Amino acid sequence: MSIYLASGDQLPEIGLGLYKVPAEKTEYLVSHALEAGYRLIDGASFYENEAAAGKAIRDSGVPREQIFATTKFWLDDLGYEKTKQAFYRSLELMGLDYLDSYMIHWPAPKRDLYVDSWRAMIELREEGLVRSLGVSNFHTHHLQRIFEEFDEYPIINQVELHPWLTQVELREFHKAHGIATQSWSPLARGQLLGEQTLVELASAKEISVAQLVIRWHIQIGSSVIPKSNSPERITQNLDVFGFELDEKDMQLISGLNRGYRTGVDPEDRN
C-alpha cells in the first residue's frame, strides 16, 4: 500500500529505517527487508551506512523503479554548495542513478541555511537526479518559509511521531498543503513496547505491540519507518495489513499523547 505524493510518485506506507543500523549489518538487513516485501528504504549520511544500503538495493533483483530510496544530509552540509556536494557524495556511495527522495535532515534555524539548500535541491530535481524533495523535523513555520521563498511545499516531512507525540496540528497542516507525513521513532525508540495500555490491547488482538502501533500509524495516514537489527522483527513489522483497528482502538492509542519527544525539538538542533 502507498501514499500518493504531490509529485505524482507513490510513497510506501511502511519502510525500513536505517538509523543506528551498523554498516556491517546494513546490507544483509536491507536485502532481507526487500526480499520480505519492503519497498521503502530510508537512510541518511549521518547513519554512515549508505554504501551498504545502496549495494543491497542494487543487488536485490527488485526492479529499481519499484524501490523508494531516500537519504538525508546533515546540518554541516546545509547551504547551496555544500548541499550539492553532499548529494553527489551520497549518490556515489549508494551507487544509484537517482534518489526517490532527498531530505534536509534538520532545519537548524539559527544557521538560516535551509532555504539555500532548498534552492540546490530544486536544481537537482530539475536535472532528474531526485524525484521528490523532502524535509525532516520541520515545524509548520519552517515549511511555510519554503513556500514563501519558492511557491512550493516539501513533498514529505519526516518527523518524530508516535502515540506519545501525535503531532495533530502538524499533520493537519500537512494534509491541508499536500505534504505527506512520515513517522520516525514510531515506537518511541522502543519505549512504547512496555506501555501497559498497548500491551493489553495487543495481547487481546494476538499481535505484537509493534504491529499494533505500526498499524495505528498507517491508519492516521502516515508512512512509517521502523528500524530493527532483527530480521525476524523486520518481517513481523511488515505484517500489519491483515487487520484493522476500530475507532475505539484508535482513540485509545491516540489518547496516550503527552507531547513526549525521544529526540530534541527541531528549534533546539543547530
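Predicted model: local features only at pLDDT ≥ 70, side-chain atom pairs only at ≥ 80, totals over all residues.
1. Ala, Val, Leu, Ile, Met, Phe, Trp, Tyr, Cys and Pro count as nonpolar, Asp, Glu, Lys and Arg as charged, and the others, Gly among them, as polar.

2. Residues are numbered from 1 along each chain, and side-chain values use heavy atoms, without hydrogens or water.

3. A pocket is an open set of points on a 1 Å grid over the protein atoms alone, with protein on both sides within 12 Å along at least five of seven lines; a cavity is a set where a 1.4 Å probe fits but cannot get out; lining residues have an atom within 4 Å of a point. Points are joined across faces, edges and corners, and a volume is the space filled by probe spheres set on them.

4. The largest pocket has a volume of about 680 Å³. Of its 33 lining residues, the closest to its centre are Tyr 19, Ser 185, Pro 186, Arg 189 and Lys 227.

5. The second largest pocket holds about 310 Å³. Its 16 lining residues include Arg 171, Lys 175, Thr 181, Ile 220 and Gly 221, the closest to its centre. By class, its lining has 8 nonpolar, 5 polar and 3 charged residues.

6. There is 1 cavity of 30 Å³ or more. The largest cavity has a volume of about 50 Å³. Its lining has 4 nonpolar, 3 polar and 2 charged residues, among them Phe 138, Glu 160 and Arg 261.
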